[in-house]
2 protein chains.
Amino acid sequence: MKKIVFDLLNNDGGQEKAIIAAKNFLETNLDYSLILVGDEKKITSLIPVNLHNRITIINSLEIVSKLESPRDALRSDSSMLKAFNALYEQNADGILSSGDSASYIILSSLKVKRINGISRPAFMPILPTTTAKNIVVLDVGANIDVKPEYLVEWANVASEFYKILFPCVEIPHVGQLNIGTEKYKGSEIAKEANKLLSSPTNKFIFKGFIEPNNVINGDVDIVVTDGYAGNIFLKTMESSFLGFAKLIKGIFLKNVFTKFSALFVKNDFKKLKSRFDYRNIGGAFIVGLDKIVVKAHGGSDEIAFFNALNQIKLGIENNIIEKICAKSLAIEGNKNE
Amino acid sequence: MKKIVFDLLNNDGGQEKAIIAAKNFLETNLDYSLILVGDEKKITSLIPVNLHNRITIINSLEIVSKLESPRDALRSDSSMLKAFNALYEQNADGILSSGDSASYIILSSLKVKRINGISRPAFMPILPTTTAKNIVVLDVGANIDVKPEYLVEWANVASEFYKILFPCVEIPHVGQLNIGTEKYKGSEIAKEANKLLSSPTNKFIFKGFIEPNNVINGDVDIVVTDGYAGNIFLKTMESSFLGFAKLIKGIFLKNVFTKFSALFVKNDFKKLKSRFDYRNIGGAFIVGLDKIVVKAHGGSDEIAFFNALNQIKLGIENNIIEKICAKSLAIEGNKNE
């Protein structure tokens, strides 16, 4: 029986949607059990009795709050902390939460073991592009300061994830986000990382330095960068699309003619807006850890939570952690050769 | 007689549009002369004889090329280098070019004196927001590594520029672009800069850490950050809007109904797209120098070049350099108190 820990609480609303997603997941995945961290009363009332043998409830009503300092994540008796504590205690394979991102990154780093050969975990969302394909970008905020080797480690880990997320890609293309494509541009760390990423022994195709337009247009499958640039990139892309969508809405609401005109394109615009809300694509992975760690958006509904659980399942069924462990041991081995 | 040096050559096209802009500027500004660097034959044929007493021609046919290394900017005998050499030789007040940005930043740093009290020049474009206002962001690429005091110096310099660009603003609001608004987030340099920017002796209103959505929504007038984050921000915003615009075009071209629908909103969409092409708003300043240095976009037409010349004129007429010199001497004074 495979196990996933699921922190049901978050700041954006109640836990009902999360519980319904848990129920739906249990009903369709008979070989899975869930460790549910939340309001025991609500959980028992919403999960049918016939599924109770496959749930473990950890009662908690305390939502992790926005941090004043990173240490706060360990101080409060939040559902998120309880969920992380249950991960090894209950011998679970993965963990899902939709709570505060900063807390989740900190607790992931403190409470989950790193894979041998991976220096730092990285936050890796799946992002839309202007083409039909999706890409992954890492790191987008867990590591402000990086060392050159982190980027190679992340490219390797992300390659394994990308191949199970998008099985039609055999050898992923990796780009390094930088402030220019010329070799002399960027920090010393970025230039050193570029050299390491160019090594022919890597199991991905390295496309060199790329710029934000290459990411947005999906010119590569995997984007590696430090968490500072990655975070600015991600938030700028999201805010630009949301800002533009708001202005477009204004155009269509201008007068009776524009409102009429909107009727013909409304559905396509909705689809476009929804596609560029990256939160719809799936949970963000925190990679480099020996459990499958996924962060769902705080505003997730039962479908988003259900998909995030399936995202963890995909990792489990494909033995993603074992594959990365084997690979990073191989990288370590190379270093000693 | 005030003087502006104008490098007419660029990679995106011929120099005719630049020459026509020069002609139009001379015709409307009788107390200005221009030092034109470009093809002498074309210049003399396109500028009417009655204006020849207010132009100095420096013949050059060599466009600055994309750099392999920063030093290349000094090696070639480009029109841009000749223009910078003419700046002090001809005792000009400002300089305009639409050539390669990297070369322009390097030559600005090497060929133009810094103002006393300003540690590093910064690249400062004027950007659109989702509201009617425009903002300035610096640095967007001249300085990858910064010291905390740079950001304060830039905020002071940008405040003077902002007040002459947008005279209705008496005391500009400054925000510091960061990966989060919480005080514990960001690099040590960013946190230290935040403290310095918070000093009550500053002549601007500091709004603290801001994120990309605050920039895009125009929550402040001036955004300060290091050139790494600024560059990623600027290029991501631009690419997002261009990418979104392309997808929207696709929606309207879908079928006969959507094409019909487009008729009612076409003009507003064009305006929107044009507004978010920040290159239309004006040239980018390189600030912190004792001359007015403006970079026009490579794709500028005669109107864009004409506006960029007027942007330099605005700085000259408002004694922007003298104001900043006086202010930075005052800052220096404060340090010694």
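Patches, as the word is used in these legends, are made of residues with over 30% relative accessible area and no salt bridge, where like charges are joined within 9 Å and nonpolar side chains (Val, Leu, Ile, Met, Phe, Trp, Tyr) within 5 Å. A salt bridge is a side-chain nitrogen of Lys or Arg within 4 Å of a carboxyl oxygen of Asp or Glu, and accessible areas come from the Shrake-Rupley method with a 1.4 Å probe, with only the protein chains shown counting as cover for residues.

This is a predicted model, in which local features need pLDDT of at least 70 and side-chain atom pairs count only at pLDDT 80 or more, while totals for chains, interfaces and linings use all residues. Residues are numbered from 1 along each chain as its sequence is written, chains are lettered from A and ligands numbered from 1 in the order in which they are written, and side-chain values use heavy atoms, with hydrogens and water left out.

**View 1. A nonpolar patch on the surface is formed by A:Phe260, A:Leu263, B:Phe260 and B:Leu263.** Together these residues have about 410 Å² of accessible area. Helix 10 (256–276) of chain A and helix 10 (256–275) of chain B each supply at least two residues of the patch; helices (H or I, at least four residues) and strands (E, at least two) are DSSP runs, numbered from the N terminus. B:Phe260, in helix 10 of chain B, counts as partly exposed because its relative accessibility is 36%, given that buried means under 20% relative accessible area, exposed over 50% and partly exposed in between (1.4 Å probe, protein chains only).

**View 2. Seven strands of chain A form an open sheet with mixed pairing, in the order 3-2-1-4-12-11-5.** Strand 3 (55–59) and strand 5 (122–124) of chain A stand at the edges with a single partner strand each, so one side of each is left without a neighbour in the sheet. Two strands pair if DSSP finds at least two bridges between them, and three bridges join strand 5 of chain A to strand 11 (residues 284–287) of chain A, the two running antiparallel. Within strand 11 of chain A, A:Phe285 is the bridge partner of A:Met124.

**View 3. Helix 4 (residues 79–89) of chain A has buried residues, including A:Met80, A:Leu81, A:Phe84 and A:Leu87.** Among the elements that cover the buried residues of this helix are strand 1, strand 2 and helix 5 (101–111) of chain A, where contact means heavy atoms within 4.5 Å. Helix 4 of chain A is followed by A:Asn91, whose phi is positive, near 55°.

**View 4. A:Glu170 is found in the loop between helix 6 and strand 8 (173–177) of chain A.** A:Glu170 is exposed, with a relative accessible area of 68%. From C-alpha to C-alpha, A:Glu170 and A:Ser159 are 9.4 Å apart in space, and they are 11 residues apart in sequence.
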